[in-house]
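Work through the exercises below with the sequence and the model open side by side. Try each task before reading its solution.

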Amino acid sequence: MKPGVTVQDWHLFDDDDMDEAMDDDFDIPEPIEPEVLSRDEAEEKGSGMAVASEVLPTTLYILPITERPFFPPQTVPVVMETDPWLKTIKQIADSGEPIAGLLLVTPQEGQEAPTPGDFRTIGTAVRMHHPTRTSGKIQFIAEGLQRFRVVEWLSDKPPYQVRVEYPTSRLRGDRDEAKAYAIAIINTLKELMPLNPLYSEELRFFLNRFGPNDPQPLTDFAASLTTAPREELQDVLETLPLRKRMEKVLVLIKKELEVAKIQVQIRQQVEEKVSEQQRKFFLREQLKAIQQELGISKDDRTAEKERFEKRLKKLKISEQARERIDEELEKFSMLETGSPEYAVTRNYLDAITALPWGRYSKDLLDVARARRTLDRDHDGLDDVKERIIEFIAVGARKGEISGSILLLVGPPGVGKTSIGRSIATAIGRRFYRFSLGGMRDEAEIKGHRRTYIGAMPGKFIQAIKEAGTANPVIMLDEIDKIGDSYRGDPASALLEVLDPEQNRDFLDHYLDVRFDLSKVLFVCTANQLDTIPGPLLDRMEVIRLSGYIAEEKVDIARNHLWPRQLERNGLSRGDVRITRAALRQVIEGYAREAGVRNLEKQLGRIARKAVVSFSQETTPPLHIGANDLETYLGKPLFRPERPKPAVGVTVGLAWTAMGGATLLIEATLVHSKNRGFKLTGQLGEVMRESAEIAYSYVASHLKQHNGDPAFFDEAFVHLHVPEGATPKDGPSAGITMATALLSLARGQKIARPVAMTGEMTLTGQVLPVGGIREKIIAARRSRINEVILPDANRRDYDELPDYIREGMTIHFASHFDAVVALVFDGKTS
């Protein structure tokens, strides 16, 4: 709603002040002073009611006030909106008596004007003086006269007119007690005067006019001085018995006194602190001046310059960098400390002198120590650790490890980052890691140019500064997820950093001098190679981490993951004991992914539930077996069931960024009314082409493979790859789809569990595919021990570690005829 009347400036006006107000818009006659009865006369003439016809009008026009009620002793200006109260003011002017009623209203959202139900029933009759209208507002001086009570509403919309009665305030009880209350109020107000200067002038003026023998106006005036909430003040206005009203007002002004005391205390505390800080500041400035005069101390600029020069004495800096630093130091000594250029130059000198120019840590090129470190930190990954040992052994032979960029590629959770940290520990170098994932600004690599406030060096210079040596191990995490934008191409900026022939003269835009990065060992990590630009990939030596088999996961869980979860949850090894069979069940039923990240989450769930059981009734030690896992982890997410043999169903092997996976392929005959071929399963373009090739080959060679040559002439065939929500693409399912179609055409199912992978041509040739290690691990994970691979992948299989090949039967095929012989005729390769 629009605001009604607001009370302005809680100070009193004398007669001269009121005469200065201008009456530009209204012609209100001079008021006739009403006959005001004394308290005794009013009590004699009526029982609690003033005789309204002899004192004040029985009907009043009503104006609303929203902030706080108006009390009879007040004389203050009030302001209201022209709309809708202008008409009410004119009605008051036309009535001949400039008397109105002020009632407190409760504001309602969305209302233009309050309704009769929003007004309180008791308010104050006031005499209006000097109403004026300016800038859409109406202002007048209100002189409080007497309380009134609304008896009846004579109109239901503005201008509001009501019939009223004027209750009197009787003093019940001892008059001496009322006088005592009045003296208490006066004394409290006098205490308030020195604490709050805003009240001083008003209090002196009022206390000169009223005393303890006239308690009613004194009580109302004291209430109007307080900052109490509007509801409490309205309660005082509606309290007619004088003694009870005085009790309420005394409580309110006591609260006001306490608040004023607290304000004074806070103000004194703040002033003391400010004074103390100012005193210390002046003393420090005087001390600094004295020390400078005696040569004991220097100013900030001189101290900073000496600090930079002290750093330079310990560094072996190139001639180019030394010349640049000398130029900056000379400029720094001439700048004013308050200028922006001073801060820019100071930050530059601080950054360039904090770099470890010529400072290298000594490499610990001990192969046996490195092997112990890798075996201590990691279980499994024997081929990866062996490749790292070879790398360190070559460095030991040469006497240094420099100009090397390793790229660890593998699914999430296989330990790429931890291996990088172990490499740093094994050779005794500092380790620094930062992620390139989502980086889109070239300046993050090569630094910001010093053309604006807030420029800083690139990530590599920051890494060197943080490591404290010029030959740390810097890990670039998620290099396959680097992006580009209008700010530049960070992948292209990395070409200079990761090229051993260029990074010895790496130029950071912020430093604008060349820094040697050729001694840094860079270790990068990625989940896949497809998104890494070719020129960047060409500069790195790729080491693949294909994931873990179940036996390796069990050892990792027992030796690393489970102890770590016990420590994180405040448990000891003796509190909770989990069997090896339970760990294997967690791996096979709840965490089948290539890495161990999800396995650690599941073990963390078990540890937390164990803590909850200890907080209730269970006492340690707690033994957890395979049969107890459903209590802690719920139903298994994976079932150990193998694919059931069926006509048109084969098992393929696929590579994904998460590791290897088995892939079911199903083919079925829909009807025999017309020829057709349908593909489903969210297949990519390459995989659809492989399916078309398989369909064409099988349809044209059915007779050769003991099938009905006319089968596909009238058959509508549907080929589906389950898990349709997962996108699939690639050529490696060619022989798998051809086998499924041939199984459907011959009406013969594959009797034994066998998985296969290989690209197929229109002539039936089987071409090599990638990800052999991941695919073999996926077959082992699904308990399929017989696999068909392209003959050209024989070398890839022979390079696999023995623990992965153990127990596997591998067949190699160079043509689809060999696949048919293996699957349907039972021949071996």
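This is a predicted model: local features need pLDDT of at least 70, side-chain atom pairs count only at pLDDT 80 or more; totals for chains, interfaces and linings use all residues.

Residues are numbered from 1 along each chain as its sequence is written, and side-chain values use heavy atoms, with hydrogens and water left out.

**Exercise 1. Describe the protein as a whole.**

Step 1. Take the secondary structure. The protein has 29 helices and 25 strands. Helices (H or I, at least four residues) and strands (E, at least two) are DSSP runs, numbered from the N terminus.

Step 2. Take burial. Of the 829 residues, 48% are buried. Buried means under 20% relative accessible area, exposed over 50%, partly exposed in between (1.4 Å probe, protein chains only).

Step 3. Take the surface. Its accessible area is about 40,700 Å², and carbon and sulfur atoms hold 48% of that. Areas come from the Shrake-Rupley method with a 1.4 Å probe; for residues, only the protein chains shown count as cover.

Step 4. Take the contacts (heavy atoms within 4.5 Å). Of those between residues at least 6 apart in sequence, 75% join residues at least 24 apart.

**Exercise 2. Which residues of helix 29 are buried?**

Step 1. Locate helix 29 at residues 816-823.

Step 2. Name the buried ones: F816, V819, V820, A821, L822 and V823.

Step 3. Conclude. Six of the eight residues are buried, so helix 29 is mostly covered.

**Exercise 3. Find two surface patches.**

Step 1. Set the rule. Patch residues have over 30% relative accessible area and no salt bridge; like charges are joined within 9 Å, nonpolar side chains (Val, Leu, Ile, Met, Phe, Trp, Tyr) within 5 Å.

Step 2. Find the nonpolar patch. I262, I266, V270 and V274 form it, with about 330 Å² of accessible area together. V270 sits in helix 9 (residues 242-294) and is partly exposed at 47%.

Step 3. Recall the helix geometry. An α-helix has 3.6 residues a turn, so residues three or four places apart point the same way.

Step 4. Find the negative patch, made by E319, E323, E327 and E330. Asp and Glu count as negative, Lys and Arg as positive; His and the chain ends are not counted. The charge is placed at NZ of Lys, CZ of Arg, CG of Asp or CD of Glu. E330 lies in helix 11 (residues 319-334) and is exposed at 52%.

**Exercise 4. Trace the salt bridges.**

Step 1. Apply the cut-off: a side-chain nitrogen of Lys or Arg within 4 Å of a carboxyl oxygen of Asp or Glu. The structure holds 44 salt bridges.

Step 2. Take R120 and E231, paired at 2.6 Å, N to O. R120 is in the loop between strand 4 (99-104) and strand 5 (122-134), E231 in helix 8, 111 residues apart.

Step 3. Take K385 and D375, with closest N and O atoms 3.0 Å apart. K385 belongs to helix 14 (residues 382-398) and D375 to helix 13 (residues 367-377), so the pair ties together parts 10 residues apart in sequence. K385 is buried at 10%, while D375 is partly exposed at 41%.

Step 4. Finish with the network, which links R324, E328, K331, E341, R450 and D512 by salt bridges.
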